[in-house]
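Subject: Structure handover

Hello,

Please find the sequence and structure below. My notes on the fold, the surface, the pocket and a few residues follow.

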Amino acid sequence: LMIVGDVGLRTIAPRLRQATDAIGREINPVVMSQAGFSSKMKEGDAFLKNVMAEKKLYIVGGSDELTAMG
């Protein structure tokens, strides 16, 4: 799960635990700010290149917002 925004892992951890219990599968989050995302995209970060190349399921927001950040 990749989260781009102004939220800390401490804030989302309890919710992720609930979701993990509900689906019976571990959720591995990656949390970064919008500025961090944009910076890493400009640097050509390999992880983000792979993420951007793959199919995505948006929980909040959409492809237009993600493209605008990078």
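The protein has four helices and two strands, where helices (H or I, at least four residues) and strands (E, at least two) are DSSP runs numbered from the N terminus. Read from the N terminus, the order of the elements is β-α-β-α-α-α. This is a predicted model, in which local features need pLDDT of at least 70 and side-chain atom pairs count only at pLDDT 80 or more, while totals for chains, interfaces and linings use all residues. Residues are numbered from 1 along each chain as its sequence is written, and side-chain values use heavy atoms, with hydrogens and water left out.

Overall figures

The C-alpha trace spans about 35 × 25 × 20 Å along its principal axes. Of the 70 residues, 16% count as buried; buried means under 20% relative accessible area, exposed over 50%, and partly exposed in between (1.4 Å probe, protein chains only). The accessible surface is about 5,500 Å², and carbon and sulfur atoms hold 52% of that. These areas come from the Shrake-Rupley method with a 1.4 Å probe, and for residues only the protein chains shown count as cover.

Contact means heavy atoms within 4.5 Å. Among contacts between residues at least 6 apart in sequence, 58% join residues at least 24 apart.

There are 9 positive and 8 negative charges, and their mean positions lie 2 Å apart. Lys and Arg count as positive and Asp and Glu as negative, without His and the chain ends; each charge is placed at NZ of Lys, CZ of Arg, CG of Asp or CD of Glu.

The largest pocket

The largest pocket holds about 730 Å³ of space. Its lining has 18 residues, and the closest to the pocket centre are Leu 1, Met 2, Ile 3, Leu 57 and Tyr 58. The elements that give two or more residues to this lining are β1 (2-4), α3 (46-53) and α4 (63-69). A pocket here is an open set of points on a 1 Å grid over the protein atoms alone, where a 1.4 Å probe fits, with protein on both sides within 12 Å along at least five of seven lines; lining residues have an atom within 4 Å of a point. Grid points are joined across faces, edges and corners, and the volume is the space filled by probe spheres set on the points.

Three residues

Val 7 lies in the loop between β1 and α1 (9-23). Val 7 is partly exposed, at 30% relative accessible area. Beyond four places in sequence, Val 7 touches Ile 12 and Val 31. Its C-alpha is 8.2 Å from that of Met 32, which is 25 residues away in sequence.

Helix α2 (residues 34-43) contains Lys 40, and Phe 37 is in helix α2 as well. Lys 40 is partly exposed at 35% relative accessibility, whereas Phe 37 is buried at 0%. Leaving aside neighbours within four places in sequence, Lys 40 is in contact with Met 32, Asp 45 and Leu 48. For Phe 37 and Met 69, 32 residues apart along the chain, the C-alpha separation is 7.2 Å.

Regards
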